[in-house]
Amino acid sequence: MTWHGDDIGRWTTTQQRDWDGLNEEQRRRLGELGVTKAPRVRKAPAKAAAAFFPGRAPAGRRS
């Protein structure tokens, strides 16, 4: 969705991600709109998938 040419979804996601950098008034106003801080996302280690299929080549590298 856009408003005056701005992508509102992208803007909202940015506000949630950068929540700690917002001042108290910005947080209060966003809260009134139902916007909250984004939950922390845990990233799995890149090598974890290889443990499930030992000896297999990664996707796209099979011969």
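The legends below describe close-up views of a predicted model.

Residues are numbered from 1 along each chain as its sequence is written. Local features need pLDDT of at least 70, side-chain atom pairs count only at pLDDT 80 or more, totals for chains, interfaces and linings use all residues, and side-chain values use heavy atoms, with hydrogens and water left out.

**View 1. Confidence along the protein chain.** The mean pLDDT (the predictor's confidence in each residue, from 0 to 100) is 84 for the protein chain, and 71% of the residues score at least 70. Confidence is highest in helix α2, at 97, and lowest in helix α3 (residues 48-52), at a mean of 62; helices here are DSSP runs (H or I, at least four residues), numbered from the N terminus. Where pLDDT is low, the predicted coordinates should not be read in detail.

**View 2. The ends of helix α2.** Glycine 34, which follows α2, has a positive phi near 90°.

**View 3. Salt bridges of arginine 28.** Arginine 28 forms salt bridges (a side-chain nitrogen of Lys or Arg within 4 Å of a carboxyl oxygen of Asp or Glu) with glutamate 25, the closest N and O atoms being 2.6 Å apart, and with glutamate 32, where the corresponding distance is 2.3 Å. Salt bridges that share partners join Glu25, Arg28, Arg29 and Glu32 into one network.

**View 4. Glutamine 15 in helix α1.** Glutamine 15, in α1 (residues 8-17), is buried (under 20% relative accessible area, 1.4 Å probe, protein chains only) at 15%.

Definitions and conventions. Helices (H or I, at least four residues) and strands (E, at least two) are DSSP runs, numbered from the N terminus. Buried means under 20% relative accessible area, exposed over 50%, partly exposed in between (1.4 Å probe, protein chains only).
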